[in-house]
Amino acid sequence: MLLFLVVTFVTFVIFFMAPVAPQRLVCGGAQAKPECMRAATKKLGLDHPVYYQYGLFLKRLVIDRNLGTSFITKQPVNHVIGRAARVTASLVFGGAVLWLMIGLFVGILSALRPRSLLDRAGMVFVLIGVSAHPVWIGLIFSYFFGYKWGITPIANYANFFGAPSDSGLPGGPWQWFYHMILPWCTFAILFAALYVRMIRANVLEAMNEDYVRTARAKGAPEWLVMRSHILRNAMLPIITMLGLDIGILLGGAIFTETVFGLPGLGKTALERLEGFDLPAVMGITVFATFAIIVINLIVDVLYAWIDPRIRLS
């Protein structure tokens, strides 16, 4: 709760100090009429101190569950965020599943055969993934897989539940998956490299623990030792890292969204920031802050589920 209040208040104060008149934006910009600006000033509460305006914002958010109306498009901010959040969620969580699959597969095999050819190839992959920028990776993927070979779409987003019949846009589960392949792979290359290194180190450390040697001495099958003793303990730092990375990606997804033309939260926030659309930017900030808090709560619950030693009394 304290984090939520601090983040939203700081963002609100920054925009309050910005050299722009929100009432002018509401009334159409440079051609705004004085009477319209006076009415907009009163409606927006701009004739009151910043703490009063922030109180009005919290009241709308908590009681009315309303994030306001966009200065630019005049649409409800709830609608703008709901439309963009689906795109970002598809990108972030789909990419997370892919990089976890790659990280677990390569990381475990590298730990089981240290200093082998596979292990050395995995470390080269780690070096490339850590060093490359997501924009560069996305452009390379778009050029070869989209433009040169025509395997996947270069850009744009397809709605999972289907597009309106009169829109002429692609839609449906298959088109959604087809359009998200390159963005997911861009995310996976960047983060799977970090997870390969982390999983390899954790599995190697867990394999040398006393409880693993004891389980093997009791005659437990190797697959059971790996699943119940090695991986269960090696995954604790990975869950922490995953929770932090998903929170970071809610803001960092702007690079991938820009390259592939995805109308997600990052791209929407950048567009609205350029137009000083305070309600939209504040709404995206509130949503991202709330999402990070919820994700970290889920991580704490997963901790208690994976490790029986961690329990809430």
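1. Quick ground rule before the notes: a residue is called buried when its relative accessible area is under 20%, and exposed when that area is over 50%. Tryptophan 99 has a relative accessible area of 0%, so Trp99 goes down as buried. Keep in mind that we're looking at a predicted model.

2. On confidence, the chain has an average pLDDT of 80, and 90% of the residues reach at least 70. Element by element, the lowest mean pLDDT belongs to helix H2 (residues 22–26), at 70, while H5 has the highest, at 87. I'd read the rest of this note with those values in mind.

3. The largest nonpolar core is made of 42 residues. Leu91, Trp99, Phe187, Tyr195, Val203, Ile230 and Leu242 are the ones with the most contacts inside this core. Two or more residues each come from H5, H7, H8, helix H9 (210–217), helix H10 (222–252) and helix H11 (254–260). The top contributor is H8, which gives 14 residues.

4. Next, the aromatics: the whole structure has 13 aromatic pairs. One of them is tryptophan 99 with phenylalanine 191, stacked at 4.7 Å centre to centre with 25 degrees between the planes. This pair ties together distant parts of the chain, since tryptophan 99 sits in helix H5 (residues 77–112) and phenylalanine 191 in helix H8, 92 residues apart. Phenylalanine 191 has 9% relative accessibility, so it counts as buried too, being under 20%.

5. A contrasting pair is phenylalanine 141 with phenylalanine 145: the ring centres are 5.6 Å apart and the planes are at 80 degrees, so this one is edge-to-face. Both residues lie in helix H7, 4 residues apart, which means about one helical turn separates them.

6. Ring pairs join Phe141, Tyr143, Phe144, Phe145, Tyr147 and Trp149 into a cluster.

7. Finally, have a look at the surface. Trp136, Ile140, Tyr143, Phe144, Phe145, Tyr147, Trp149, Ile151 and Ile154 make up a nonpolar patch there, with about 930 Å² of accessible area together. Where does isoleucine 151 sit? Isoleucine 151 is in the loop between helix H7 (134–148) and helix H8 (173–207).

Definitions and conventions:
Residues numbered from 1 in each chain as written. Predicted model: local features only at pLDDT ≥ 70, side-chain atom pairs only at ≥ 80, totals over all residues. Heavy atoms only, no water. Patch = residues over 30% accessible without salt bridge, like charges linked within 9 Å, V, L, I, M, F, W, Y side chains within 5 Å. Areas by Shrake-Rupley, 256 points an atom, 1.4 Å probe, with all protein chains shown as cover. Salt bridge = Lys/Arg side-chain N within 4 Å of Asp/Glu carboxyl O. Phe/Tyr/Trp six-rings, centres within 6.5 Å; stacked < 30°, edge-to-face > 60°. Buried < 20%, exposed > 50% of the residue type's maximum accessible area, 1.4 Å probe, protein only. pLDDT = per-residue confidence, 0-100. Core = buried A, V, L, I, M, F, W, Y, C linked by side-chain atoms within 4.5 Å.
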